[in-house]
Each structure stands twice: as C-alpha cells, then as structure tokens.
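Dear colleague,

Here is the structure I promised to pass on to you, together with some notes on what turned up when I went through it. Please read the notes with the model open beside you.

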Amino acid sequence: MDSFVRIWYVYLTLGGFIFAILTMGSYSLLLFFSAVLLLLLIYCLHPTHIHHWTLGLQMCWQTVWHLYIQYQLYWLQETPDSRLLLAISALMLMTQRVSSLSLDLQEGTITSSFQNSSQDLSVLIPFLSYSLNFPALLGGPLCSFNTFVQSVRQMSVTPHLTPYLRRLTSKILQVIILVWIKYPLKELLKSITFRVNSPCVCQNIIWIWILSLLLKMNYYAHWKVSECVNNAAGIGFHGYSHSGKKSWDGFSDGSPWVTEALSRPSAFARQWNRTTAVWLRRMVFKRSNISPLFMTFLFSAWWHGLHPGQILGFIIWSVTVQGDYKMHHFLHPMLTSKWRKWLYVCLNWAFTQLTISCVVVCVELQSLESVKLLWCSYIAVLPLLSVLIIIIL
C-alpha cells in the first residue's frame with residue numbers, strides 16, 4: 001500500500017475516532033465495539049462465511065440498544081440521552097457499511113489486494129477506515145468499499161475540492177432552499193388546527209400531509225448536507241463523464257425534487273433514501289425466498305428500531321407498494337389515450353403523497369401516539385384502500 005494512501009486512511013480513521021468521542025462521549029464505545037468486531041471477523045473467518053456472522057451480530061448489537069431506548073421511553077418514561085441517540089444513529093449507518101463490506105467479501109467483489117487479510121494485518125487498515133471514517137459517521141449516502149478505496153486513492157493523487165467547488169456550491173444552495181421551505185410549512189401547520197373527529201374531511205388530511213412534508217424536508221436537508229461533507233472530503237468519486245470531467249452524481253440519496261414528483265408508491269420507495277433502498281434490496285429482497293417485498297420492509301422496521309409507529313408505518317408501506325404493482329398491472333392496458341395517462345398520473349401522484357404521509361408520520365413519530373393521530377383522520381382510509389386492491393385484484 002502506498003504511503004500517501006495509508007496516511008489518508010489513518011487521517012480518516014483518526015478523524016472518526018476523535019469525532020465520535022467529542023459528539024457521543026462514552027457511547028462512542030458502541031461504534032468502536034462494532035469496528036473491532038468487524039476486524040476480528042475478517043481476520044478469523046473465511047470470506048464465504050463472513051456475511052451471515054457480520055450481519056447477524058451487528059443487528060443483534062444494534063437491537064439491544066434500540067430496545068434499551070424503548071425501555072427508557074415506554075417503561076421508565078424517561079428521555080434518552082441525546083448522545084446515546086446520536087450513537088445509535090451512527091451505529092445504524094455502520095450496520096450498513098459493515099454488512100455491505102461483508103457481502104462484498106463473500107461475493108468476491110473486493111479488490112484483490114485486500115482479500116488475503118489473514119496474512120498481513122496492515123491490510124485491515126482500509127477496513128477500519130471504511131467503518132469509522134468521519135465524513136460518513138453521522139450521515140451520508142452509503143458508499144461501497146471499492147468506491148471508498150477509489151476515492152482515497154484519488155485524494156492522495158490530486159486535490160479533490162478545487163474541481164468540485166462548483167458542484168459543491170450548487171448542493172449547498174439546495175440545502176439552503178430546503179431549510180427555507182421548512183418555515184412556510186411550519187406557519188401552515190400553525191394556521192391549520194388538527195381536530196379529532198373533525199367534520200371537515202380535508203382539514204385533517206391536509207394537516208397530516210403538511211406535517212409529513214415538513215418531516216421529509218428535514219431528511220432531505222440532512223442527506224444533502226451529508227452528501228456535501230462526504231464529497232468535500234473527497235469521498236464519492238464516481239469515475240469520469242463522457243467529457244472527461246469527474247463525476248460525483250452517483251454518490252447521492254436522491255434529489256428531493258425528483259422524489260416528490262414521483263407518481264407511484266413503488267417508485268417513491270426506490271428513490272427515497274436511495275442508497276439505503278439499494279442496501280435493503282441487496283441484503284434482503286434479492287436473498288429472500290419467501291415474500292421478499294414484505295420481508296424487506298419488515299427488516300427495515302427492525303433496522304430502524306421496532307417502535308410501534310415504525311412497525312405500522314413499514315407494514316403500510318409494504319401493502320401500498322404491493323397494491324401499486326397490482327393496480328398498475330390492471331390499469332396499464334387501459335391507458336390508451338393521453339388524457340387517461342395524465343389523469344392516472346395525477347390521481348396516482350395524490351394517492352402516493354397521502355399514503356407516504358401516513359408512512360412518514362408513523363415512522364418518524366414512532367410511538368403509539370402517531371398511530372392514534374393517523375387513525376383519527378380520514379387519511380387512514382388510503383392504506384385500507386391498498387389492502388382492498390390487493391384482495392380484489
């Protein structure tokens with residue numbers, strides 16, 4: 001390994017180590033335990049067996065702390081330490097990285113110079129750096145190990161920020177716009193009162209839709225900031241375009257403008273938090289023989305923490321996606337004219353927005369209160385409509 005490349009690995013790892021201690025305090029040990037466990041598994045196990053052990057142990061470790069938070073919230077009625085919540089959020093992202101890496105090892109897609117790790121301990125440095133690198137510690141799109149290695153090598157050869165400055169400025173402007181959009185949404189929420197059993201059908205539906213938009217803007221802004229941080233650090237290099245310029249577009253959780261314009265729940269599921277969706281598809285959907293769609297959303301609920309609202313939210317999402325597939329298959333042959341296609345797109349866009357609102361509110365608010373909030377509104381009819389579509393079609 002080139003000495004300059006090794007310096008970059010050490011820099012990223014040491015930065016992650018210090019950043020974790022400063023932001024999480026003693027709870028940073030949760031991440032260090034996972035990183036050490038990964039190295040031990042890589043060193044001791046054959047690549048063909050490493051993935052199941054890595055994913056299983058990491059998910060169990062993560063679940064223990066998720067259950068501890070639920071114990072504090074629902075049993076002790078206490079507010080968890082913010083540093084613990086931050087550590088678990090980082091632990092969830094680490095679960096993505098270590099499981100992606102272990103599957104790469106099992107499938108033999110890791111660059112050959114890193115495969116014989118049991119013979120030379122020094123080649124474990126890139127694995128440690130990948131799991132603990134500071135730009136991806138608290139957010140950011142999931143980056144494959146090979147992409148990470150390629151980015152580090154690129155960082156050691158040429159300066160990374162200068163050619164990327166224009167693109168970085170554009171992304172920062174998007175963050176500012178997303179943050180600015182939140183303020184009128186907050187004012188709209190204050191101006192519309194949510195009332196249980198309100199005689200006005202539209203009022204509660206619009207209130208929940210605006211609340212979901214506000215929650216989604218928080219996610220979009222966070223993902224875009226994380227993308228900027230990773231790209232500014234030089235991580236996420238995606239090769240060269242046809243004109244010979246560096247491409248960073250592949251390292252993204254998707255565009256909020258594209259995602260919100262989608263008119264099908266299934267397409268929204270693939271674009272929302274795009275790198276996580278790809279990770280779930282790779283970890284569960286492609287490897288499950290029984291109800292892969294349902295198992296994928298069930299695993300996502302497990303990964304998110306198994307709060308009551310999260311379980312209901314992902315069940316609603318799986319039912320909605322399945323209903324979307326059946327409805328599209330049934331109606332597509334009938335869309336023979338342009339006005340029918342436009343009507344189908346407009347109605348389906350509204351249906352997608354409202355059903356995703358149910359999902360976001362349940363998943364984000366987590367507790368049973370979110371479930372009660374949902375079922376006190378007429379918007380709860382939409383998930384039931386998806387169930388009816390599945391039964392009939």
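Being 3 residues apart in helix H7 (residues 165-191), Lys190 and Glu187 are separated by about one helical turn, and in this predicted model the two form a salt bridge in which the closest N and O atoms are 3.8 Å apart. Lys190 counts as exposed, at 65% relative accessibility, whereas Glu187, at 48%, counts as partly exposed.

The pair formed by Lys216 and Glu260 has its closest N and O atoms 3.1 Å apart.

A search of the whole structure gives 8 salt bridges. Among them is the one in which the side chains of Asp81 and Arg83 meet at 3.1 Å, N to O; Asp81 is partly exposed, with a relative accessible area of 26%, and Arg83 is partly exposed at 38%. Asp104, Glu107 and Arg282, for their part, are linked in a network of salt bridges.

As for the chain as a whole, it contains 16 helices and 0 strands, and buried residues make up 49% of its 393 residues. Of the contacts with a separation of 6 or more, 75% are between residues 24 or more positions apart. The accessible surface comes to about 19,500 Å², and carbon and sulfur atoms account for 68% of that area.

The UniProt record, an unreviewed entry, places the feature "transmembrane region" at residues 7-23, 29-45, 123-143, 290-317, 342-363 and 375-392. Residues 7-23 are 100% helix and 0% strand in the model, with end C-alpha atoms 24 Å apart, while residues 123-143 are 38% helix and 0% strand, with end C-alpha atoms 19 Å apart.

Helix H2 (residues 29-44) has 16 residues and reaches 22 Å from its first C-alpha to its last, close to the 22 Å expected at 1.5 Å a residue. The buried residues of H2 include Leu30, Phe32, Ser34 and Ile42, and what covers the buried residues of this helix includes helices H1 (3-24), H3 (47-75), H4 (82-107) and H5 (125-132).

Most residues other than glycine have a negative phi. Gln77, although not a glycine, has a positive phi of about 60°; this residue lies in the loop between H3 and H4 and counts as exposed, at 63% relative accessibility. Asn273, also not a glycine, has a positive phi of about 50° and lies in the loop between helix H10 (265-271) and helix H11 (274-283), where Asn273 counts as buried at 15% relative accessibility.

Conventions. Residues are numbered from 1 along each chain as its sequence is written. This is a predicted model: local features need pLDDT of at least 70, side-chain atom pairs count only at pLDDT 80 or more; totals for chains, interfaces and linings use all residues. Side-chain values use heavy atoms; hydrogens and water are left out. UniProt positions are given in the numbering used here, feature names are shortened, and annotations may be inferred rather than shown by experiment. Helices (H or I, at least four residues) and strands (E, at least two) are DSSP runs, numbered from the N terminus. Buried means under 20% relative accessible area, exposed over 50%, partly exposed in between (1.4 Å probe, protein chains only). Contact means heavy atoms within 4.5 Å. Accessible areas come from the Shrake-Rupley method with a 1.4 Å probe; for residues, only the protein chains shown count as cover. The expected span of a helix is 1.5 Å times one less than its number of residues. A salt bridge is a side-chain nitrogen of Lys or Arg within 4 Å of a carboxyl oxygen of Asp or Glu.
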